[in-house]
Amino acid sequence: MNLKKVRLIGRVMPLEDTLWMALSGTGIEFSVTGTFARITFLTDDTWCGEPENRSRVAVYVDGERRTDCLFDKPEITVTVFSCECEETHVVRVIKLSESAMSTCGISGIETDGEISPTEPKERLIEFIGDSITCGYGVDDEDLDHHFSTGTEDVTRTYAYKTALALNSDYSMVAFSGYGIVSGYTAIGEKVGNQLVPEYYEKLGFSYGTYKDGYKPQNIQWDFSVNQPDLIVINLGTNDMSYVLNREERREEYISGYIVFLKTVRKNNPAARLLCVLGMMGEALCPAVEDVVKRYKAETGDNRISYMGFNDQLPEDGYAANWHPTETTHTKAADKLIAEIRSCMGW
């Protein structure tokens, strides 16, 4: 497909004759004038596997969600609109689910009219996080339920809401269960194979395989494609299950976080960094404050700060597996928006 005809959202990768979408929130946006428009999607090999791992994608027309697909076929064509007279619409495609479980691609856009890319925003925010940023369970307000891509919706998260409110473009790098030095553990032992820093410089990570054996973790991301003005890092919720109250593990987390910040800075030399934590527990918030202080002292880089989220409240409910509801995400977004306006002057 002709990439000059669409605006890319997030870490989207041209691959042979398709446009590959892996991470949460990736997609495209374009304006179209015609009597119809159709988009053809290709899925990775997870389409025939467990239903809770399939890619979920939404298609918007003029800001209204018209299609919400959980892909159960290797190729799916979606009619975006069809009318008798020529019309002009803005179409946005957003991958609602995360990359770890499945990826998908756009192989073509068909119309009898003309398409053109929408104009990019003046600002770009990158969000780095875990299941909270992915929108784990936000469509399922039953805390006893577990993971499903069908109940993930990144557009209902604090991150997407923040970008929207600040009229900013965004990019997201997030994986459920992942951390800085350990992924989530139920038994206090380190889960060292679920670390965001390992995949930050990649297109993403996925258990699925897309077209001829491609995996996003095998593809280096080109940071020159888009340089963010601000990077919001929300990591530590899963590390918390490993660190517990052990001081040596707290120090391990702090040291690992500082190393990761140096990686982020190396690839984004002009961005301001904002470290946040607390929506699903505040135990490591003081450690993140220490991370920021020590990083500043060690590097002399003062373009970094910390903000703590408020822990989720019982009266706001709980989504699947104790994750934040949209109400909690909205409150978090409001606090983050105020902080960004203050520190960025937006």
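This is a predicted model: local features need pLDDT of at least 70, side-chain atom pairs count only at pLDDT 80 or more; totals for chains, interfaces and linings use all residues.
Is R303 buried, partly exposed or exposed? R303 is partly exposed, with a relative accessible area of 36%, where buried means under 20%, exposed over 50% and partly exposed in between, using a 1.4 Å probe and protein chains only.

Residues are numbered from 1 along each chain as its sequence is written, and side-chain values use heavy atoms, with hydrogens and water left out.

To stay with R303, its side chain meets that of D301 in a salt bridge, at 3.6 Å from N to O; the term stands for a side-chain nitrogen of Lys or Arg within 4 Å of a carboxyl oxygen of Asp or Glu. D301, at 8% relative accessibility, counts as buried. Elsewhere, salt bridges with shared partners join R56, R65, D68, D139, D153, R156, K161 and E326 into one network, and the structure holds 26 salt bridges.

Another of these pairs is D17 with K211, at 2.8 Å from N to O, and it links distant parts of the chain, since D17 sits in the loop between β2 and β3 whereas K211 sits in the loop between α3 and β12, 194 residues apart. Helices here are DSSP runs of H or I with at least four residues, and strands are runs of E with at least two, numbered from the N terminus.

Let me turn to the sheet. Five strands form an open sheet in the order β11-β10-β12-β13-β14, with parallel pairing, and two strands are taken to pair if DSSP finds at least two bridges between them. β11 and β14 are the edge strands, each pairing on one side only. Six bridges join β10 to β11, and L124 stands opposite D169 in β11.

Across this sheet lie helices: α6 lies across β13 and β14, running at about 170° to β14, while α7 lies across β10, β12, β13 and β14, at about 155° to β13. Axes are lines fitted to C-alpha atoms, for helices over the stretch in contact (heavy atoms within 4.5 Å), and angles run from 0 to 180 degrees between N-to-C directions.

Finally, Y178, in the loop between β11 and α3, is buried, with a relative accessible area of 1%. Leaving aside neighbours within four places in sequence, Y178 is in contact with residues including D130, F205, Y207 and L235.
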